[in-house]
Amino acid sequence: MKDLDITIPVKVASADDLSASDRRLVELAREATYRSYSPYSHFAVGAAIELDNGQTVTGSNQENVAYPSGTCAERTAAYYAGATYPDARFKTIAIAARDTDGNFVKAPIAPCGACRQALLEYETLAGHNVRVILTGATEHYILPSVKSLLPFAFTEFD
């Protein structure tokens, strides 16, 4: 028997460290939190996805009293992108959240497992890594790919 160590490369960046396009994507994700419909959790999440056709799409979490009929921000944005621009491929996704007091979360948050799996489908479709920017109030975590969020991911090729 042997141990298997899994490491995930994460860059920790301030807003000043981000490129202009990454800052724009983060801002769009933050703006999307204000379109969240989250009367039950009071936790507003927004996502912004940069596509290879130059378009950017956003989404926010949409809750429903008939849990789990709601949809997370990441899947709202991903499915909108897929439905609106079916030939475009994802390049980068930024995710932001505001807490129950309405403030942007101090530490960056990561997508839920269902969103990780759904986003991995789009990364597989893209044929290349899709960068992930997890946004906190003052710092951002930059990951090289969706798969880095989901070690041992289930794919059709496994």
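Me: Which residue lies over the face of Phe-104?
Reply: The model is a predicted one. A charge sits over a ring if CZ of Arg is within 6 Å of the ring centre and within 35 degrees of the ring normal. Over the face of Phe-104, at 5.1 Å from the ring centre, lies Arg-30.

Me: How far from the centre of the Tyr-34 ring is the charged end of Arg-98?
Reply: The ring of Tyr-34 has a charge over it, that of Arg-98. The distance from the charged end to the ring centre is 4.0 Å.

Me: How many aromatic pairs does a search of the whole structure find, and is the pair of Tyr-79 and Tyr-122 stacked, tilted or edge-to-face?
Reply: The search of the whole structure gives 3 aromatic pairs. In the pair of Tyr-79 and Tyr-122 the centres are 6.5 Å apart, with 50° between the planes. Planes under 30 degrees apart count as stacked and over 60 as edge-to-face, so 50° makes this pair tilted.

Me: How many residues apart are Tyr-79 and Tyr-122, and in which helices do they lie?
Reply: Tyr-79 belongs to helix H2, residues 73–84. Tyr-122 belongs to helix H3, residues 113–126. The pair links distant parts of the chain, and the separation is 43 residues.

Me: Is Tyr-122 buried or exposed?
Reply: Buried means under 20% relative accessible area. Tyr-122 has 17%, so the residue counts as buried. For Tyr-122 the answer is buried.

Me: Why is the pair of Phe-90 and Tyr-122 stacked?
Reply: The ring centres of Phe-90 and Tyr-122 are 4.6 Å apart. Planes under 30 degrees apart count as stacked. The pair is stacked because its planes are at 0°.

Me: Which parts does the pair of Phe-90 and Tyr-122 tie together?
Reply: Phe-90, buried with a relative accessible area of 3%, is part of a cluster in which ring pairs link Tyr-79, Phe-90 and Tyr-122. The parts tied together by Phe-90 and Tyr-122 are 32 residues apart in sequence. They are strand E4 (residues 90–98) and helix H3.

Me: Which residue has its backbone oxygen 2.5 Å from a polar atom of the Ser-148 side chain?
Reply: Ser-148 lies in the segment after strand E6 (139–143) and is buried, at 11% relative accessibility. Leaving aside neighbours within four places in sequence, Ser-148 is in contact with Ile-8 and Leu-143. The backbone oxygen at 2.5 Å is that of Ser-145.

Key: Residues are numbered from 1 along each chain as its sequence is written. This is a predicted model: local features need pLDDT of at least 70, side-chain atom pairs count only at pLDDT 80 or more; totals for chains, interfaces and linings use all residues. Side-chain values use heavy atoms; hydrogens and water are left out. Rings of Phe, Tyr and Trp (its six-membered ring) pair if their centres lie within 6.5 Å; planes under 30 degrees apart count as stacked, over 60 as edge-to-face and the rest as tilted. Helices (H or I, at least four residues) and strands (E, at least two) are DSSP runs, numbered from the N terminus. Buried means under 20% relative accessible area, exposed over 50%, partly exposed in between (1.4 Å probe, protein chains only). A polar contact is a pair of N or O atoms within 3.5 Å; within protein, one must be able to donate a hydrogen and the other to accept it, and residues adjacent in sequence count only if both atoms are side-chain atoms. Contact means heavy atoms within 4.5 Å.
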